[in-house]
Amino acid sequence: MASEGMHSPVEQFEIKRFIEFSAGGYDISFTNSSLFMLLAMVVGGTFLTVAMSKREMVPGRLQGAAEMMYEFVADMVRSNVGNDGRAYFPFVFTLFVFLLFGNMLGLIPYSYTFTSQIIVTFAMAAFVFVGVTIVGLVKHGLHFFSFFVPQGAPKVLIPFLIVIEVISYFVRPVSLSVRLFANMLAGHTMLKVFAGLAVMISGAGGIAMTGSLLPLAALIGLTGLEVLVAALQAYVFTILTCMYLNDALHLH
Amino acid sequence: MKTLNRAAVCTALLVAGTGACNAAFAAGDSAAGLPQLKIETWPSQLFWLAVIFGLGYVFMSRVVTPRIGTVLEERRSRLDDDLARAREASAEAATTRAEYEASLEEARAQAAEFARKASAEALANAEAAEARAAKRMATKVGKAEDKLAEDRAEAESNLASVASEAAIAAAAQIAGVKATAAQADKAVKASAAALARQEAS
């Protein structure tokens with residue numbers, strides 16, 4: 001019993017290779033992380049396609065949910081970026097669907113949460129950061145750098161403020177990726193710790209087993225909280241992407 | 001910023017905490033530290049992320065968003081149509097109502113005019129009838145008064161001749177005087193006048 005008694009709460013984040021590939025000396029195997037990226041996209045895409053298959057004028061529940069998702073992201077883009085954000089709507093929508101379904105599927109027991117991988121969240125944040133910077137440079141040319149000069153600040157302070165603005169600009173991909181990663185890591189670790197505790201106490205047998213009800217109750221509450229966090233973090237990542245895009249398009 | 005700080009603190013705590021957990025629980029486990037920090041797993045994740053997100057983006061932008069967009073657009077235009085039609089119908093109803101009210105008002109005015117005319121006519125008729133009746137009454141009353149005056153004059157003259165005859169007879173019997181009719185008349189008139197004066201006083 002002691003050897004199986006308690007797994008490390010971070011063991012759930014371990015990458016397992018399902019189909020092995022390698023290219024150019026790099027291991028690009030299809031892993032549990034890849035599987036759940038694929039599932040998030042396939043489940044999300046299937047849901048949206050099936051829900052809209054009837055194209056009803058008066059939507060049913062499923063179609064209503066799909067439309068609500070679309071309208072939610074469309075409103076987000078409209079209110080945060082404005083009308084010239086339309087071109088980026090499919091990207092923002094894909095991002096939101098991918099993150100939402102990834103986070104939600106990750107909450108199912110025995111599944112995998114790819115958003116708890118810093119490399120995945122950082123890659124997405126870096127893509128957004130680089131993409132948004134390119135959009136800004138293409139739209140405004142060198143004038144884009146005026147973004148780093150705060151308007152109406154006293155002249156003496158301007159050099160310092162530029163340094164601060166530049167740093168805060170380059171911290172964006174870090175904060176964006178770490179926020180999602182850390183929330184997922186913390187949440188899933190906590191769930192595992194409480195679940196492990198419940199299992200461990202119930203292993204004691206006899207009347208002492210009832211003590212496992214306490215961590216079990218906590219686990220139920222935490223699961224509800226994690227559902228909220230999963231949706232909220234998908235939303236936060238998406239809305240910050242919109243705000244960065246707005247900065248690049250309109251320079252404040 | 002607050003969330004970021006919280007997230008940063010959480011991460012730091014968790015990295016430290018999970019390290020301790022690993023040390024405590026995973027004795028003999030070859031993997032130490034967070035699995036996320038194993039660099040050898042990164043190329044695979046980056047590769048599959050790029051492939052899956054790329055394909056997903058193509059699918060979402062070509063199939064999903066246009067489909068939902070058209071449905072929403074169709075519904076919106078249909079709603080706008082219906083709204084426009086409803087607005088038209090409502091305007092029409094308002095016109096009809098205004099027309100109806102105008103005709104009602106006209107009818108009411110006509111009725112009032114009619115009633116006013118009728119009552120004026122009735123009043124005139126009544127006045128005419130009253131005037132005619134009054135006239136008729138007046139003629140009747142005049143005739144009756146004439147007759148009365150005639151009768152009275154006749155009675156008075158009769159009374160005077162009876163009185164003078166009675167005076168002649170009285171004078172012959174009392175004083176043995178033969179009075180003429182003229183004298184008797186004069187005496188009767190004088191005594192009637194004296195009587196009238198006496199009564200008046």
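What is the mean pLDDT of chain A, and what share of its residues reach 70 or more? I start there since what we are looking at this morning is a predicted model, and the answer is that chain A has a mean pLDDT of 92, with 98% of its residues at 70 or more. If you go through the elements of chain A one by one, helix 3, which covers residues 89-105, has the highest mean pLDDT, at 97, while strand 2, residues 22-23, has the lowest, at 89. There is one stretch to set aside, namely residues 1-5 of chain A, where pLDDT stays under 50 and where the model has zero contacts beyond four places in sequence. Where pLDDT is low, the predicted coordinates should not be read in detail.

Let me turn to chain B. Chain B has three helices and zero strands, and so, read from the N terminus on, its elements simply run α-α-α. Of the 201 residues in chain B, 14% are buried.

Why does A184(B) count as buried? Its relative accessible area is 4%, and because the cut-off for a buried residue is under 20%, A184(B) falls on that side of the line. Once its neighbours within four places in sequence are left aside, A184(B) is in contact with S164(B), A167(B) and I168(B). A further reference point is A171(B), which lies 13 residues away from A184(B) along the chain, with a separation of 8.9 Å between the two C-alpha atoms.

Now to the interface of the two chains. On the chain B side 47 residues are in contact with chain A, and on the chain A side 58 residues take part. Together the two chains bury about 4700 Å², and 75% of that area is on carbon and sulfur atoms. Within chain B, the residues that lose the most area to chain A are Q36(B), Q45(B) and F53(B), which together account for 14% of what that side buries.

As for the polar side of this interface, there are 12 residue pairs in polar contact between chain B and chain A, counting pairs in which both residues have pLDDT of 80 or more. Looking at where the chain B side comes from, helix 1 (2-25) and helix 2 (42-174) each supply at least two of the residues that touch chain A. Helix 2 of chain B gives the most, with 27 residues. Sorted by class, the side of chain B that touches chain A is made up of 25 nonpolar, 14 polar and eight charged residues.

Two salt bridges are found across the interface of chain B and chain A. One of them joins E67(A) to R75(B), with 2.8 Å from N to O.

In chain A, D27(A) pairs with R17(A), the closest N and O atoms being 3.5 Å apart. This pair links distant parts of the chain, in that D27(A) sits in strand 3 (residues 26-27) and R17(A) in strand 1 (residues 17-19), 10 residues apart. Both partners are partly exposed, D27(A) with a relative accessible area of 24% and R17(A) with one of 48%.

R97(B) and E101(B) come together with their closest N and O atoms 3.2 Å apart, and they lie four residues apart in helix 2 of chain B, about one turn of the helix. Here R97(B) is exposed, with a relative accessible area of 54%, whereas E101(B), at 38%, counts as partly exposed.

The other salt bridge is between the side chains of E105(B) and R108(B), at 3.2 Å from N to O. How many residues apart are E105(B) and R108(B) in helix 2 of chain B? They are three residues apart, which means that about one helical turn separates them. E105(B) is partly exposed at 45% relative accessibility, and R108(B) is partly exposed too, with a relative accessible area of 48%.

Definitions and conventions. Residues are numbered from 1 along each chain as its sequence is written. Chains are lettered from A and ligands numbered from 1 in the order in which they are written. Side-chain values use heavy atoms; hydrogens and water are left out. Contact means heavy atoms within 4.5 Å. Buried area is the accessible area (1.4 Å probe) that two parts lose on being put together, summed over both. A salt bridge is a side-chain nitrogen of Lys or Arg within 4 Å of a carboxyl oxygen of Asp or Glu. A polar contact is a pair of N or O atoms within 3.5 Å; within protein, one must be able to donate a hydrogen and the other to accept it, and residues adjacent in sequence count only if both atoms are side-chain atoms. Ala, Val, Leu, Ile, Met, Phe, Trp, Tyr, Cys and Pro count as nonpolar, Asp, Glu, Lys and Arg as charged, and the others, Gly among them, as polar. pLDDT is the predictor's confidence in each residue, from 0 to 100. Buried means under 20% relative accessible area, exposed over 50%, partly exposed in between (1.4 Å probe, protein chains only).
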